[in-house]
Amino acid sequence: MTTSIFPPQQAEQDERSLREDLAAAYRLLALFDMTDLVYTHLSVRLPGPGHTFLVNPYGLLFEEITASSLVVVDADGLPKQPTSWPVNPAGFVIHSAVHRSRPDAACVMHTHTLAGMTVAAQQHGILPLNQINAEFHGRVGFHPYEGIAADDNLSERERLVRDLGDNIGLILQNHGLLTVGISVAQAFYRTYYLEQACRIQISAQATGAPLHLPSEDKLLRTRAQFESDPDQGQLVWRALRRKLDREQPDYIR
């Protein structure tokens, strides 16, 4: 198992700030064309006892999500607050498995993007074709396809957790991508750049030209350079929040 590269736990956020961060992440996935209509989920752990999380109400487009529309659920994906919108417990199966097993995975993001699903259909996972891809070298697990992740196959949780290990991301074979982070900001940074790594890969493959892969020592050096950055996506996150504040200020409603 690889050594965890998560930085020390950041200062705990209150529920309101977590709601605003998670709503922003939903809006940004919509903005960057990384949604699957009303499907897939982003979740974040709430502070305090009881293992509760924020997740999207089932049926809203990501572009419709607001801070107040997010629903508090327990570890089984069942609502812990009154809500006029349904919640999809089966859709929370993947998230609950990761949250339960990884204390450092405060935020879990799962996507079904065209590029992500294309790479998930390939046998070799992420290829180190670019500096961006090198950031994920040896840090993305691979989970074989078992059908739709649902609450009638709870044993898959154990295998999913095993395949994630303490990596920062996971390719769900024939399915999509998953990333984790100690904050919404860090998880979104990883989601965005893992998606970019997949787009680079399929774009390079589409040229039909021979592909150049850097040497292992160069890849490890590049990855270490990324890992040594103390920012962990915070600078990008603040810029993206400012963009939403200008263009979609209702997300904090």
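**The cysteines and their setting**

Guide: Happy to. This is a predicted model, and the protein in it has eight helices and seven strands.

Let us begin with the sulfur atoms. A disulfide is a covalent bond between the sulfur atoms of two cysteines. A search of the whole structure finds zero disulfides. Take Cys107: its closest cysteine sulfur belongs to Cys198 and is 18 Å away, which is too far for a bond, given that a disulfide needs the two sulfur atoms within 2.5 Å. Turning to Cys198, that residue is in no disulfide either, its nearest cysteine sulfur being the one in Cys107, 18 Å away.

Cys107 counts as buried because its relative accessibility is 0%, and the cut-off for buried is under 20%. Cys198 has 0% relative accessibility and therefore counts as buried too.

Now for the protein around them. Of its 253 residues, 54% count as buried. A compact globule with 253 residues would have a radius of gyration near 18 Å, so the 17 Å of this protein agrees with that. Along the principal axes, the C-alpha atoms fill a box of roughly 55 × 45 × 35 Å. As for how the chain meets itself, take the contacts between residues at least 6 apart in sequence: 70% of them join residues at least 24 apart.

How values were computed
Residues are numbered from 1 along each chain as its sequence is written. This is a predicted model: local features need pLDDT of at least 70, side-chain atom pairs count only at pLDDT 80 or more; totals for chains, interfaces and linings use all residues. Side-chain values use heavy atoms; hydrogens and water are left out. Helices (H or I, at least four residues) and strands (E, at least two) are DSSP runs, numbered from the N terminus. The radius of gyration is taken over C-alpha atoms; the globule rule is 2.2 Å times the number of residues to the power 0.38. Buried means under 20% relative accessible area, exposed over 50%, partly exposed in between (1.4 Å probe, protein chains only). Contact means heavy atoms within 4.5 Å.
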